[in-house]
Amino acid sequence: MMKIVKRLTALLLIMVLLLPGFTLAEDDVEVEEVVEEEAVLSENEDSENEAVTEKDGWHFNAKGFLVGENPGDEYLLEDEEKGVWQYASKDLSVKVTRYREQTKKKKKQEYCVAEIWASPESPLGAIQSDPKESLKLKGVAYPGTEQRYVQDLIDKHPSVLAVSDDMYGLRIIPVGKGKTKYDYHGVVIRNGQVIATKTRNSQKKRSWPNLDTMAVYQDGSMKTFDCDAQTAEEYLEQGAVHVFAFGPWLLSGGEVHPNLEKINNYSEPRVALGMVEPYHYILIVTAGRPTSKYQGYKLTWLAEKMKEYGCTEALNLDGGDTVALAFNNKVILHGNMEAKKLRNLGSMIAFGLK
């Protein structure tokens with residue numbers, strides 16, 4: 001109310017000043033002060049109107065960042081029983097919520113949704129195993145090709161939130177008896193380094209994965225593409241820091257992929273990463289298959305869920321037993337919740353890398 005009164009007062013005084021023959025003399029200074037105050041109010045309007053919530057002495061703005069006076073620099077909540085995990089600092093906000101459902105056949109379903117507000121000071125990052133001389137692609141030892149225990153990988157690269165990615169390392173250097181190198185690796189970039197470039201032809205029937213991509217740019221934005229829409233060099237020229245290759249893309253320009261029903265659309269563990277706006281991301285991780293205790297989810301469900309959360313761009317990443325989600329360096333959900341061991345990983349997506 002006070003702001004409105006001050007603004008009306010300033011406006012009336014200005015109108016009076018414009019009347020023919022009217023002068024103020026001694027009151028000129030007062031008018032200037034009112035107008036100057038109005039400018040300051042306008043400049044600070046956004047910050048003043050931003051909602052701030054308080055919890056146990058901690059103060060959060062609308063994005064979940066810490067603001068004002070707080071008991072410390074980092075807020076941390078881990079409630080396994082209620083299925084809520086939360087982190088906040090002045091430049092990173094992460095909230096993970098677990099959901100448990102039942103199908104019509106009373107089969108269990110479980111998934112986690114993470115809402116992430118990153119920033120230029122704390123952007124999306126990549127975890128990779130160290131390059132190993134015995135594992136090379138065209139004579140070059142790339143990071144991320146050696147498969148490590150998940151806990152070892154996240155212990156070596158501590159972060160607030162980490163999740164399995166496109167598993168590019170196993171397409172470059174497959175492991176196990178009788179296996180040979182994949183013909184296609186997809187366009188893969190991490191931290192500005194081109195790791196792989198050979199991808200599929202989008203005009204032909206494509207095997208699984210179809211190697212569609214998601215680029216993460218320097219300004220915090222994301223964009224999905226068909227597998228061969230751009231070369232690695234073109235991604236870099238446009239400012240891409242990371243490019244993930246797995247697919248299919250789920251959302252592009254706010255539209256759901258039109259052919260998901262025909263692409264591996266059965267229930268299984270899933271990972272999807274999407275963007276609402278630059279630096280505002282949604283991550284959905286699901287567990288289970290129809291043959292296990294947990295049912296799992298279809299690609300069509302995943303795409304619609306990402307859209308429901310406001311995403312305009314979203315990519316399906318490697319699923320199945322690859323799926324692993326860690327908060328504060330502890331795994332809280334993985335593809336096969338009944339398994340005693342997790343599949344080894346060579347790389348992960350991370351927020352809040354220490």
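Me: On what basis are the values computed, and how many aromatic pairs does the structure hold?
Reply: This is a predicted model, in which local features need pLDDT of at least 70, side-chain atom pairs count only at pLDDT 80 or more, and totals for chains, interfaces and linings use all residues. Residues are numbered from 1 along each chain as its sequence is written, and side-chain values use heavy atoms, with hydrogens and water left out. Rings of Phe, Tyr and Trp (its six-membered ring) pair if their centres lie within 6.5 Å; planes under 30 degrees apart count as stacked, over 60 as edge-to-face and the rest as tilted. The number of aromatic pairs is nine.

Me: Which geometry do the rings of Trp58 and Tyr75 adopt?
Reply: Trp58 belongs to strand 2 (residues 58–60) and Tyr75 to strand 3 (residues 75–79), 17 residues apart; strands are DSSP runs of E with at least two residues, and helices runs of H or I with at least four, numbered from the N terminus. The ring centres of Trp58 and Tyr75 are 5.4 Å apart and the planes lie at 70°, so the pair is edge-to-face.

Me: Are Phe225 and Tyr235 buried or exposed?
Reply: The rings of Phe225 and Tyr235, with centres 5.4 Å apart and planes at 75°, form an edge-to-face pair. By relative accessible area (1.4 Å probe, protein chains only), under 20% is buried, over 50% exposed, and in between partly exposed. Both Phe225 and Tyr235 are buried.

Me: Which residue places its charged end over the ring of Phe225?
Reply: A charge sits over a ring if NZ of Lys or CZ of Arg is within 6 Å of the ring centre and within 35 degrees of the ring normal. At 5.4 Å from the ring centre of Phe225, the residue is Lys223.
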